[in-house]
Amino acid sequence: MQITASTVSLTVDDVAASQRFFTTHLGYTEQAAADGFASLTRQDAAVDIVLLARGNQVLPADQRDQHASGLILAFTTADIQDEEKRLRAEGLTITMPLREEPWGERLFQITDPNGVVVQFVEWTTPNAS
């Protein structure tokens, strides 16, 4: 198997709100869109995102009413402190403040209008115990 791209599909209540969030604050661009659907991409290593409206008939019947929950969309980035400051300056609420774990992970989280948790991670040298 050779994987040529990666996409995460998120079922949300308000496709337009999530689409605005990802394009305005996270640098995604619209690849395609229709009623209850949007496909978003970036020009770097970030995963592509497909947003589907809950109840969308393209989904199998047992998946139509599900909602993206319990999922953390994580992006590894450099200069995480600058990203946190930028997003805060753009008016976003930081839903988990920037912190550093003893194993060398610096991270913070924001949440989109549909409750999709987006986590930013930067790896550092772990603290000596």
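So, which residues does isoleucine 110 touch, not counting residues up to four places away in sequence? Going by contact, meaning heavy atoms within 4.5 Å, isoleucine 110 touches Phe21, Leu26, Leu87, Leu92, Thr93, Ile94, Thr95, Val116, Val117, Val118 and Phe120.

Before I go on, two bits of housekeeping. This is a predicted model, where local features need pLDDT of at least 70 and side-chain atom pairs count only at pLDDT 80 or more, while totals for chains, interfaces and linings use all residues. Residues are numbered from 1 along each chain as its sequence is written, and side-chain values use heavy atoms, with hydrogens and water left out.

Okay, the core. By nonpolar core I mean a set of buried Ala, Val, Leu, Ile, Met, Phe, Trp, Tyr and Cys residues joined through side-chain atoms within 4.5 Å. Buried is under 20% relative accessible area, exposed is over 50%, and partly exposed is in between, using a 1.4 Å probe and protein chains only. The largest nonpolar core has 25 residues, and Ile110 is among those that touch the most other members, along with Phe22, Leu26, Tyr28, Ile49, Val118 and Phe120. Elements that each supply at least two residues of this core include α1 (15–25), α2 (80–89), β7 (105–111) and β8 (117–123). Those labels are DSSP runs numbered from the N terminus: helices are H or I with at least four residues, strands are E with at least two.

Four strands form an open sheet with mixed pairing, in the order β5-β8-β7-β6. Two strands count as paired if DSSP finds at least two bridges between them. β5 and β6 (94–100) are the edge strands, each pairing on one side only. From one strand to the next, the twist averages 15°.

Over to β3. Four of its five residues are buried, so β3 is largely enclosed by the rest of the structure. It pairs antiparallel with β2 (residues 29–34) over five bridges, and those two form a hairpin with two residues between them. Glycine 36, in that turn, has a positive phi of about 80°. β3 also runs antiparallel to β4, joined by four bridges, and here the hairpin has six residues between the strands. Alanine 38 stands opposite leucine 51 in β4.

Last, charges. A salt bridge here is a side-chain nitrogen of Lys or Arg within 4 Å of a carboxyl oxygen of Asp or Glu, and the whole structure has eight. Arginine 106 and glutamate 122 meet in one at 3.3 Å, N to O. That pair links distant parts of the chain, strand β7 and strand β8, 16 residues apart. Both arginine 106 and glutamate 122 are buried. Then there's a network joining Glu83, Arg86 and Glu90 through shared partners. Arginine 86 sits 2.9 Å from glutamate 83, taking the closest N and O atoms, and its salt bridge with glutamate 90 is also given as 2.9 Å, N to O. Arginine 86 is partly exposed, with a relative accessible area of 30%.

How values were computed:
Axes fitted to C-alpha atoms, helices over the stretch in contact; angles between N-to-C directions.
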